[in-house]
Amino acid sequence: VAKYNVHRCSPGAPGTASTSVMTSVKGTGYIDTQVQPSHAYCYFVTAVGAGRPDSIPSNIVHVVIPSP
């Protein structure tokens with residue numbers, strides 16, 4: 001694995017129009033600083049090898065950002 005693509009989507013399934021790649025990381029941690037309070041998001045990860053397409057998506061994690 002060369003890197004991981006972190007995807008953020010509106011709650012729903014991967015592959016929807018609202019899915020976007022947030023960033024690529026080489027490790028296993030990521031902090032999304034672009035979220036809004038009281039909004040729901042979902043995240044999933046794909047692994048990328050050198051010269052290879054993305055892997056199948058990981059399990060989806062759903063989160064709701066609390067109000068301050």
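Of the 68 residues in the protein, 21% are buried. The model is predicted, and each stop below names what to select in the viewer.

**Whole chain.** The protein contains four strands and zero helices, and its pattern along the sequence reads β-β-β-β. Contacts between residues at least 6 apart in sequence may be examined next: 51% of them join residues at least 24 apart.

**The sheet.** Select the four strands together. They form an open sheet in the order β2-β1-β3-β4, and the pairing is antiparallel. At the edges are β2 (20-25) and β4 (61-64), each of which pairs on one side only. From one strand to the next, the twist averages 30 degrees. In general, the strands of a sheet pair through backbone hydrogen bonds, in either a parallel or an antiparallel arrangement.

**Strands β3 and β4.** Four bridges connect β3 and β4, which pair in the antiparallel sense. Which residue of β4 is the bridge partner of C42? The partner is H62.

**The disulfide.** A disulfide joins C9 to C42, with an S to S distance of 2.0 Å. The two cysteines belong to distant parts of the chain: C9 is in strand β1 (residues 3-9) and C42 is in strand β3 (residues 40-48), 33 residues apart. The link of C9 and C42 is left-handed, with -125 degrees about the S-S bond. Both C9 and C42 are buried. A search of the whole structure finds one disulfide.

**The salt bridge.** R8 and D32 form a salt bridge, and their closest N and O atoms are 2.8 Å apart. Is R8 buried or exposed? R8 counts as buried because its relative accessibility is 17%, and buried means under 20% relative accessible area. D32 is likewise buried, with a relative accessible area of 12%. One salt bridge is found in a search of the whole structure.

**Final view.** Display both links together: the disulfide of C9 and C42 and the salt bridge of R8 and D32.

Technical notes: Residues numbered from 1 in each chain as written. Predicted model: local features only at pLDDT ≥ 70, side-chain atom pairs only at ≥ 80, totals over all residues. Heavy atoms only, no water. Disulfide = S-S within 2.5 Å. Buried < 20%, exposed > 50% of the residue type's maximum accessible area, 1.4 Å probe, protein only. Pairing = 2+ DSSP bridges. Axes fitted to C-alpha atoms, helices over the stretch in contact; angles between N-to-C directions. Contact = heavy atoms within 4.5 Å. Salt bridge = Lys/Arg side-chain N within 4 Å of Asp/Glu carboxyl O.
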